[in-house]
Amino acid sequence: MIVAGPRLACRVTVTGLVQGVGFRPFIHRLAIRHQLGGWVRNGSGDVQIEIEGVPPEVEAFVREVAVEAPPLARIERVEVNAHPPRGLTAFSVLDSVDEPGQRQPVSPDVATCAACERELFDPADRRHRYPFITCTDCGPRFTVIEAMPYDRERTSMAAFRQCAACLAEYHTPGDRRYHSESNSCPACGPRLAFRAGSLQIEGNEAALAAAVELLGEGRILALRGLGGFHLAVDATAPEAVRRLRERKHRDAKPFAVMVRELADVRELAIVSPAEADLLVSAERPVVLLARRPEAPLAGQVAPGLAWIGIMLPATPLHHLLLAGIGRPLVMTSGNLSEEPIATGNDEARERLAAIADGFLLHDREIVARYDDSVVRVVQEAPVLIRRARGYAPMPLRLPVAAPVPLLAVGPHLKNTFTLVHGDWAYVSQHIGDLENLETLAHFQEGLGRCQRLFRIEPRVVARDRHPGYLSTRVAREFGLPEIAVQHHHAHVAAVLAEHGECGPAIGVAFDGTGLGDDETIWGAEFLVAGLWDYVRLGTFRPAPLPGGDLAARTPWRAALGYQSLAPDLAPLLAIAFEGIPESQRTLAEQQIARRVNAPLASSMGRLFDAAAALLGVRREASYEGQAAMELESLAGRRPAAEYPARIAERGRLLVADPTSTLAALGWRRQRGAAVADLAADFHASIARTTEEMVHQLAERTGLRTVALAGGTFQNARLLESVRTRLEGLDLRVLAPRLLSPNDGAISYGQAAVAAARLATGPSH
Ligand code: ZN
Ligand code: ZN
Ligand code: FE
């Protein structure tokens, strides 16, 4: 009922994450509630609304747009322009308009909402046990969207025509599925199929039953999800988990586990309130949790680690599988070690043939590869370890806007790329290690798609200094001006930028390795850094890494490198080489002596490796970081003694020499100290040394802000103790939150540096 009297009309433009989140239905409800005429439509860069009605109602509408927006929306700006009334009385949803040159965020996939979960298990509902149930509040988005604006015809749901019942929901204002672009039901939507050898089973229930039966027998299921295939196996069956490791060529790297609900998580691990919030969040990441020693899980799920990665079901298919099997499942990416996750049915059946005993397939195409995200809570604050499903490709801000569109190609390992327009940085999902053609193809395909989605045509490319990286070659191929950014500068810049800061600050970058600006390898650096530039003012004493890259998987080689710096370490270090063939050791010694393939490196990752070898914890690793993760697991939260490194001045460079720390640990071990205590002592010694280095640099420079960066800070004990100590010195500490401490953040850091340099020119 439209009231007579003075009327007000205006155009409201809303930008931010406002498509694929139930925004148009929300606007429709709001307009009806306030008795307004007009329309709403999706644009390429915004949602456009026209409303008309009595002034108090129009004003209330404008107020409530931002306040009452759907939970998944993230509103950036609401712009209101009044215009003369046109006499509109009804309110409608118009077709989307495609406007070239406009861009906007694309919603990540959203885990099944509570309402859909209820319907899924309600025998009276027409979507009872339907594996593709969604609504405007949940379901696939990034993995099905081919282009914006967000409409079904530009998604991989376009292949499925809604039946009459679904269409009725789609067109009924007030329905939970009003304008739900992924709407479907058992009659009209995607379907499951099961394949095992020559066995072919069609139909949702029959395929699911076959999959559950296979898992129940301890066999391996390849399961097509939203962003790619998972490999699943009964996590309580040691033989089954062992077989998965063997076939996947993954010796020890931890597997994630999926359980049905929060109560099940608590049986396996200790869950804090912040961790519980993350587990049930719409993003549904894998959360790294302190494992209960008595947890009924096969030891091979996460060997040698005190924590376990657990997630709750993110899709209806997960819910159904977990309900059917009734115990925890290992859920790991459907790939051979080091390769990207498989997405297509045929591709998976070929690539995973030697791993999976059966395949649970469906017929909706996957537009984007999307790994599970991994989060760890440190001091009650989440730290993203791997950013993909649920988070990417939400853009982050840059403190300094880029004057031209940019591409940052990221690092060599744990690659992501970043596209920049203005002060928006679109950081890709986790891509993987750029070491093989499959991952390179994943990179190029992902990049092409994001360029189309966000309509960004880069004019400058940012890359690592390292000329030999595959990412550098990729950067060259664009034939555009390049900006080279040193690896640890990018680490520190990423942390500054995600906190909205430009620096200068003291940056502590601890990681595996990156190419320094003196052509040696860096990895334990103290920089004074801003976005534009940096000066290296401190480091750990470098040691030779015999075998170069090989050393990352052989902690004993790292130990040998430190021994060459301090020969009196030798008697304390003998244990580090037990079981290592004499010939290998002799070769490594010769490499060090002749300085052939034994580059000098100040790597914190390799220092953790050397300590692990020296304590007899691990001499050879099956994945990078294994030794450090085991040391952290052993250390737990036990109290520790400190054996800080000696700090010396070499010119303007402060150098911490960790050989004294290693010697003290070796000496105590020989006298029978417990390895777990010594692992704790090692952490405390590194934290104490870091505190002292930063303290001296703060005195020297007058800077009071410290940014902690680099993969080593995935170590919760180290991050927590370094942060606490520095805050004790009254320093302000910035740590990674939205992006990983590890190399997943490098492309964003490169982008932040390149944008700043371009904005103020080379003179800066
Ligand atoms: Zn839902
Ligand atoms: Zn239908
Ligand atoms: Fe790094």
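This is a predicted model: local features need pLDDT of at least 70, side-chain atom pairs count only at pLDDT 80 or more; totals for chains, interfaces and linings use all residues.
**Charges over rings**

I started with Arg 585, which lies over the face of Phe 577, at 4.3 Å from the ring centre.

I then looked up Arg 260. Its charged end sits over the ring of Phe 121, and I get 5.0 Å to the ring centre.

**Aromatic pairs**

How many aromatic pairs does the structure hold? I count 12.

I picked out Tyr 426 and Phe 454 from these. Their rings are stacked, 4.2 Å centre to centre with 25° between the planes. Next I checked where the two residues lie: Tyr 426 is in strand 21 (residues 424-427) and Phe 454 in helix 11 (residues 437-454), so this pair ties together parts 28 residues apart in sequence. Buried or exposed, Tyr 426 and Phe 454? Both are buried.

Next I took Phe 526 and Phe 540. Their ring centres are 6.3 Å apart and the planes make 15°; pairs count as stacked under 30 degrees, so this one is stacked. I placed Phe 526 in strand 25 (residues 521-529) and Phe 540 in strand 26 (residues 534-540), so the pair ties together parts that are 14 residues apart in sequence.

I looked up accessibility for both rings. Phe 526 comes out at 0% relative accessible area, so I note it as buried. Phe 540 has 2% and is buried too, because the cut-off is under 20%.

**Zinc site**

Which protein atoms are the donors of the zinc ion (ligand 2)? I find the SG atoms of Cys 163, Cys 166, Cys 185 and Cys 188, lying 2.2 to 2.3 Å from the zinc ion.

The angles among the 4 donor atoms run from 102 to 118°, and the site is tetrahedral. The call holds because four donors need all angles between 85 and 135 degrees to be tetrahedral.

Along the chain, I wrote down the donor spacing as C-x2-C-x18-C-x2-C.

Cys 185 has a relative accessible area of 1%, so it goes down as buried. Cys 188 is at 10% relative accessibility; that is buried as well, because the limit is under 20%.

Notes
Residues are numbered from 1 along each chain as its sequence is written. Chains are lettered from A and ligands numbered from 1 in the order in which they are written. Side-chain values use heavy atoms; hydrogens and water are left out. Donors are N, O and S atoms within 2.8 Å of the metal (3.2 Å for Na, K and Ca); water is not among the atoms, so sites may look incomplete. Four donors count as tetrahedral if all angles lie between 85 and 135 degrees; four count as square planar and six as octahedral if opposite donors are over 155 degrees apart and all others between 65 and 115; anything else is irregular. Buried means under 20% relative accessible area, exposed over 50%, partly exposed in between (1.4 Å probe, protein chains only). Rings of Phe, Tyr and Trp (its six-membered ring) pair if their centres lie within 6.5 Å; planes under 30 degrees apart count as stacked, over 60 as edge-to-face and the rest as tilted. Helices (H or I, at least four residues) and strands (E, at least two) are DSSP runs, numbered from the N terminus. A charge sits over a ring if NZ of Lys or CZ of Arg is within 6 Å of the ring centre and within 35 degrees of the ring normal.
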